[in-house]
Amino acid sequence: MHSKSRQILLRTPNSRRLQTLTFDPSQPLSLRDLKLSLIPDHGNPDAFYFTANGKLLADDSIPVGSPQVPALSTLTLRHRLRGGGGDGGATGAESRDCYLKMYAEKKPDKIDPNEQRLSKWVNCALSYETLRQPCVMDRLGNVFNKEALVEALIGKKLPKAFNHIRGLKDMIDVKLEPIPGGESNNAWFQCPITGLEFNGTYKFFALRKCGHVLSAKALKEVKSKACLVCYREFDECDKVVINGSEEEVDALRERMEEERARVVKDKKQRKERSGDAVAAKGVADGGEVEESGKRLSGKKHGIVDGKDVEKVAARTEKLNGKIESVGSTNNKRFKGAAVAPANATKEVYASIFTSSKKKSDFRETYSCRSLPLGRN
């Protein structure tokens, strides 16, 4: 063997034994040349890679005998694994950012629609406790335990979703028919006519006038304008669907807003009519006096007959005369001596007021200033 020759240990995929490779440093031999000499003619060189003493050699142009591949090192030719992950190959997420992006967006938990539907029908819409009598319902078809709703109203802890509830006057006292013997098919209540379970499988309505809860099937089969339980008459607008769809809830919300606007309008009209009635009664009792755009009428202002009208008019004129006289003297400067009591000396009484002092009486010293009010 030539004195300048070097040796390295080589292991190939087809052989577990180490082979000794002798090479001449004066004749450059790259890893790619070595790779082509080891793999078959039909093989793809890019499907293999070298490791030197366990370290990856990513560049095939590295010459054998270089500092990356020193003499007597162990070169191992390995297959490059494709795809996957979990098999020792690359997963496509070598950097930490890939993992961070993977978990940055939290996926919403999958909710069983059947469980979500059942919860609306067997639990209180506010406290999520099991429904129990007494129960109330709002104008949008949500059912509550009355005790939980009262506590929320007193403590002002209603969520924004229930801002339309202003008080118990906006609620409907509903009468649920319990199932004899307890729970049945995840339901505690039923229709008193058909016996259908109150669990969301069937549509139910609540009657606003009496509060009875009936299934849509019962109202459809027994066509009547009176409640099938208490026989109290109701209109079509008195039926409120319980836990309806989005379209049905929107229709109920629109109806609720129209009813509230109608109530406000009726109150305003009643107030105007009552004001006109009071004015008419005042004229009938003894007339009216109008002064400075204001109306004085009825017993409230002491007007009973025509003489009282004249008295009120004279009293008003006298009062206006005083106001004018006071207003005419407002331009004059106030002097304390002009309003001195009968037994008081005018000069002494006037000394109380700074506006009545003479300018010569004011003196300025090193420790204070004696200036009149408004000049300091």
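**View 1. Antiparallel pairing of strands β3 and β5 in the predicted model.** Strand β3 covers residues 48–52. Strand β5 spans residues 74–79. Five bridges join the two strands, which run in the antiparallel sense.

**View 2. The β3–β4 hairpin.** Strand β4 takes in residues 55–57. β3 pairs with β4 over three bridges, again in the antiparallel sense. Across this pairing, Phe50 stands opposite Leu57 of β4. Two residues lie between the strands of the hairpin. Asn53 sits in the turn, with a positive phi of about 55°.

View 3. Is strand β3 mostly covered or mostly open? Mostly covered: five of its five residues are buried.

**View 4. Buried and exposed sides of helix α3.** Helix α3 runs over residues 113–122. Leu118, Trp121 and Val122 are buried in α3. Looking down the helix axis, the buried residues fall within an arc of 85°, so they line one face of α3. Residues three or four places apart point the same way, because an α-helix has 3.6 residues a turn. On the face turned away from the buried side, Pro113 and Lys120 are exposed.

**View 5. Cover over the buried residues of α3.** Which strand is part of this cover? The elements covering the buried residues of α3 include β11, residues 204–207.

Key:
Residues numbered from 1 in each chain as written. Predicted model: local features only at pLDDT ≥ 70, side-chain atom pairs only at ≥ 80, totals over all residues. Heavy atoms only, no water. Buried < 20%, exposed > 50% of the residue type's maximum accessible area, 1.4 Å probe, protein only. Helix = DSSP H or I, 4+ residues; strand = E, 2+ residues; numbered from the N terminus. Pairing = 2+ DSSP bridges. Arc of directions from axis to C-beta. Contact = heavy atoms within 4.5 Å.
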